[in-house]
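Here is a friendly note to read alongside the model.

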Amino acid sequence: MAGALSHLRVIDLSRILAGPWAAQTLADLGADVIKIERPGQGDDTRGWGPPFLRDDDGADTSETAYFMCANRGKRSVTVDIATAAGQAIVRKLVVDADVVIENYKVGDLARYGLDYAALRELKPDLVYCSITGFGQTGDMRAHAGYDFMVQGMGGLMSLTGDADDLPGGGPKKVGVPVADLMTGMYAAVAILAALARRDREGVGEYIDMALLDCQVAMLSNQAQNYLISGEVPRRFGNAHPNVVPYQSFRTADGHVILAVGNDGQFRRFCGLAGLEALADDGRFRTNAGRVMHRDQLVPLIAQAMQQQSTAWWCEQLGRNAVPCGPINRLDQTFAEAQVVHRGMRMTMRHAAGADVPLVANPIHFERHPIEYRDPPPLLGQHTDEVLEDLLDMSAGQIADLRREGVI
C-alpha cells in the first residue's frame with residue numbers, strides 16, 4: 001500500500017538530528033528520501049558511538065545507534081558536493097524532486113550552487129527548507145547552534161531542574177535533544193504546508209527554520225505565564241507551575257507521578273488517601289487555592305503517599321480515574337504493556353547483517369497504516385541504484401565518478 005507521501009521525493013542534505021528527523025518523518029509517511037552524504041564519512045552521527053549495532057554473531061558493526069534513530073526509510077547516496085561533478089549530480093536529482101532539506105551554515109551552499117536561489121532556477125516550484133541554529137537573519141545568523149546551548153539560551157533550562165536552594169538544584173537540560181526534535185517536527189509541518197500550497201497554486205517556497213525560534217515557541221504555557229504576568233517563572237522540579245498536586249511523590253517503595261487536573265479528581269484522590277478533610281478545606285477546594293497554598297498542601301500529600309507502594313497507588317488511583325503513573329527506566333518503558341500493545345518497538349533487517357530494533361512512528365492511521373520500507377542505510381548503500389535509475393548513468397560512468405572521488 002503506497003504511503004500518503006509516496007508521490008514525493010525529498011533530497012536530504014542535512015546532518016545530525018533536526019533535519020534528518022524532519023526527513024525521516026516524511027519517509028515514514030511514504031516519501032522517497034535520498035540522503036546525500038560525504039564519501040567516506042557521511043553524516044556526523046555515523047561516528048557518534050558506542051553503542052553500535054551488533055551483527056548476528058554479537059560483534060559490533062560500524063553502525064551507530066544515534067544515526068539509526070533519525071534515518072530510517074532513506075536511501076544513502078555519497079556525493080562530494082565540493083566538486084563540480086558532485087554539484088551537478090545533486091542539481092540533476094533536484095530537478096525531479098519536490099523538497100530539499102539542508103542545515104548548512106548560512107550561505108554555505110551558495111558556494112556550490114545548491115542554495116535556494118540557484119535551485120529555484122532549475123525547479124521553480126521547489127520547497128526548500130533551511131535549518132540553522134539562529135535563522136537566516138539577525139546578528140547571530142552566522143553562529144553555529146547546538147541543542148544544548150539553545151536549550152539554555154531559549155529559556156528551557158531556567159525552567160528545568162530543582163530550585164537553586166535544594167540539593168542538586170540548578171538549571172538542567174532535558175535528557176533528549178528537544179530543541180532539535182521540535183525543530184524537525186516544525187520543519188516537517190512547514191514542508192507539508194508549503195507542498196499543499198504548491199499543489200493548489202503551483203508555487204514553491206523557501207522555509208527558514210531556527211532552533212532558537214522553535215525552542216522559544218515550545219515554551220508554551222510557561223512563556224504565556226511570563227507574558228501575561230510579567231513574572232519570571234521559577235523552577236519547580238517535577239511540580240507544575242499552574243496545577244497542584246501535579247508532581248512526583250515518594251511512595252513506600254519508589255516514586256509515583258500524581259497528575260490531578262481538576263477539582264473532582266482532587267476530591268477522589270483525597271478519599272483514597274484518607275485526606276477527606278483536605279477536599280473540604282477552603283484553601284484547597286479549587287485548583288487556584290491549591291496553587292496559592294502549595295507549600296501547606298504538598299507536605300500533607302507527601303506524607304500520605306509514603307504509606308503505600310507505587311503499584312498500590314497506580315492501581316487504586318487508576319481505577320478511580322485519578323491520573324497517575326510510575327517513573328520508568330527505559331527497560332521498563334519498553335516492557336510497559338501499553339507501549340507493547342501500541343507497537344512502539346519494531347524490528348527491521350539491516351544490511352549490516354543484523355536485526356535492528358527501532359522506535360516506531362507514533363502516527364496511527366486507521367485506513368492506511370504506515371509501512372516501514374527500509375532500515376537506516378549503510379553509507380552510500382544506494383549510490384549506484386539512484387544514479388542508474390534516476391540519472392540514467394551507466395556502470396562505466398559510475399565507476400569513473402568513484403575513481404575520481406566524486407561519489
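1. **Before you start.** This is a predicted model, in which local features need pLDDT of at least 70 and side-chain atom pairs count only at pLDDT 80 or more, while totals for chains, interfaces and linings use all residues. Residues are numbered from 1 along each chain as its sequence is written, and side-chain values use heavy atoms, with hydrogens and water left out.

2. **Domains.** The protein chain is assigned domain 1 (9–218 + 340–404) and domain 2 (246–329); such bounds come from an automatic or database domain assignment. Taken over C-alpha atoms, the centres of domain 1 and domain 2 are 42 Å apart.

3. **The six-stranded sheet.** Look for an open sheet with parallel pairing and the strand order S5-S2-S1-S6-S7-S8. Strands (E, at least two residues) and helices (H or I, at least four) are DSSP runs numbered from the N terminus, and two strands pair if DSSP finds at least two bridges between them. At the edges are strand S5 (74–78) and strand S8 (205–210), each pairing on one side only. On average, neighbouring strands here are turned by 20 degrees against each other, direction ignored. Strand S7 (residues 127–132) runs parallel to S8, and six bridges join them; Thr132 has Ala210 in S8 as its bridge partner.

4. **Helices on that sheet.** Helix H1 (residues 18–28) packs on the sheet and touches strand S1 (9–12), strand S2 (32–37), S5, strand S6 (99–102) and S7. Contact here means heavy atoms within 4.5 Å. The direction of H1 makes about 150 degrees with that of S6; axes are lines fitted to C-alpha atoms, for helices over the stretch in contact, and angles run from 0 to 180 degrees between N-to-C directions. Helix H16 (residues 383–391) also packs on the sheet, touching S1, S2 and S5, at about 90 degrees to S5.

5. **The three-stranded sheet.** Here the order is S9-S10-S11, in an open sheet with antiparallel pairing. Strand S9 (246–250) and strand S11 (324–326) are at the edges with a single partner strand each, so one side of each has no neighbour in the sheet. Three bridges pair strand S10 (residues 255–259) with S11, and Leu258 has Cys324 in S11 as its bridge partner. Helix H13 (residues 310–319) packs on this sheet, touching S10 and S11. Helix H12 (residues 294–305) lies across S9 and S10, at about 45 degrees to S9.

6. **A pocket.** Which domains contribute to the lining of the second largest pocket? Domain 1 and domain 2 each give at least three residues. On a 1 Å grid over the protein atoms alone, a pocket is an open set of points with protein on both sides within 12 Å along at least five of seven lines; a cavity is a set where a 1.4 Å probe fits but cannot get out, and lining residues have an atom within 4 Å of a point. This pocket has a volume of about 650 Å³, and its lining has 27 residues, with Leu159, Thr160, Gly237, Asn238 and Ala239 nearest its centre.

7. **A cavity.** The largest cavity holds about 40 Å³ of space. Among the residues lining this cavity are Arg72, Glu371, Arg373 and Asp374.

Definitions and conventions: Points joined across faces, edges and corners; volume = space filled by probe spheres on them.
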